[in-house]
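Let's take a walk through a protein model together.

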Amino acid sequence: MITCSAPGKIYIFGEHAVVYGENAICCAVDLRTRVHIEHDESAIISIESVLGKTGIDFEIHPYVSAVIERMREFASIKGIRIKIESDIPVGSGVGSSAAVTVATIAALNRMFDCNLTLEKIAKLGHEVEIQVQGAASPTDTYVSTMGGVFMIPQRKQLKNIECGIVIGNTNVLSSTKELVANVAELRKNYPQIIGPVLSTIGSMSEIGEELVDNSDYISIGKLMDINHGLLDSIGVGSFELSSLVYAARSSGAFGAKITGAGGGGCMVALMDKAKTEAVAGAINEAGGSSIITNATEHGVMVESNL
Ligand code: PMV
């Protein structure tokens, strides 16, 4: 059996602005999706996860099904059993779909000796996300494949983030597609107002690059707070997200903001490692579900090959 895993991600700065070519800083986090694959002599394909047990099924397991079809360009895939386990909250801006896509590609790559490079895995992963979602930026699949912290769109690797990271899930589902469309509409109606907001968000990543490389988390936190305010101003905030953001700040975080598309989903806070429990507790009290995590330099990897 082969087991591959891949991480989720958070945006330190820049979601939404990145859609318009502005810079963003994205960081892989130590929440992983694990994909176990073994041969099945009966030539049947089965995919099992918390969502159920299916064959190739574009309703229940769209990403894994699309990966199997794409990987048939490189290998003759007949009978396999795939089992998926994940620490990453589903559909809430932490990169669960990219992680399952990338980990499945890597596991099939290893099982069928396809010799795909990491760059190729990231590219295929992005194509699968586009196929399933209709549109997707390459950010999630790239960071999940490589691990670490990256400036997007240049794909420049920055120093790893070494402070505490707490993610707060509002448990409110939101649609990235709808939120991106709402921002596009606002930008069309008020270009003189929304254009500068998006380019200001882009400037945060430019300033943030040096702050990340200097491990200056106090200054990063201040800019994250401003980034949150700007995301709120373009309509992707919510009462629940801001409640968790304020709870995190008032319990000692360096800064806190939405991560991902917003509207619901998750926020993220950075803090001194000694304060992770306090921030996580405050997020729970404010009605969210907290997850204490770390940045990770480990992108997609083969965990076992027995
Ligand atoms: O919510 P997520 O993790 O899918 O992130 C969306 C990030 C956006 O900038 C809003 C869209 C994108 O494709 O970059």
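In which loop is Asp57 found? Asp57 sits in the loop between strand S4 (52–54) and H1. Before we go on, a word on the ground rules. This is a predicted model, where local features need pLDDT of at least 70, side-chain atom pairs count only at pLDDT 80 or more, and totals for chains, interfaces and linings use all residues. Residues are numbered from 1 along each chain as its sequence is written, and side-chain values use heavy atoms, leaving out hydrogens and water.

Back to Asp57. Asp57 is buried, and buried means under 20% relative accessible area, while exposed means over 50% and partly exposed is in between (1.4 Å probe, protein chains only). Yet Asp57 has no salt bridge, that is, a side-chain nitrogen of Lys or Arg within 4 Å of a carboxyl oxygen of Asp or Glu. The nearest side chain of opposite charge, Lys53, is 13 Å away; in this count Lys and Arg are positive, Asp and Glu negative, and His and the chain ends are not counted. Leaving aside neighbours within four places in sequence, Asp57 is in contact with Pro62 and Ser65, where contact means heavy atoms within 4.5 Å.

Pro62 and Ser65 take us into helix H1 and are among its buried residues. Helices (H or I, at least four residues) and strands (E, at least two) are DSSP runs, numbered from the N terminus. Because 9 of the 10 residues of helix H1 (residues 62–71) are buried, the helix is largely enclosed by the rest of the structure. What do those buried residues pack against? They pack against strand S3 (45–49), strand S5 (80–86), helix H2 (96–111) and helix H3 (118–133).

Now zoom out. The secondary structure of the protein comes to 9 helices and 12 strands. Its radius of gyration is 19 Å, close to the 19 Å that the globule rule gives for 306 residues, so the protein is as compact as a globular protein of that length. (The radius is taken over C-alpha atoms, and the rule is 2.2 Å times the number of residues to the power 0.38.) Along its principal axes, the C-alpha trace spans about 55 × 45 × 35 Å. Of the 306 residues, 56% count as buried. Among contacts with a separation of 6 or more, 74% come from residues 24 or more positions apart.

Gly299 lies in the loop between strand S11 (289–293) and strand S12 (301–305), and it counts as buried at 7% relative accessibility. Gly299 and Gly8 are 291 residues apart in sequence and 9.2 Å apart in space, C-alpha to C-alpha. Beyond its neighbours within four places in sequence, Gly299 is in contact with residues including Ser5, Pro7, Arg32 and Ser144.

Most residues other than glycine have a negative phi, and most peptide bonds are trans. Asn115, in the loop between H2 and H3, has a positive phi of about 60° although it is not a glycine. Asn115 is exposed, with a relative accessible area of 70%. Ser215 has a positive phi too, of about 50°, and its place is the loop between helix H6 (191–213) and helix H7 (217–233). At 22% relative accessibility, Ser215 counts as partly exposed. As for the peptide bond from Ile152 to Pro153, it is cis, with omega near 10°.
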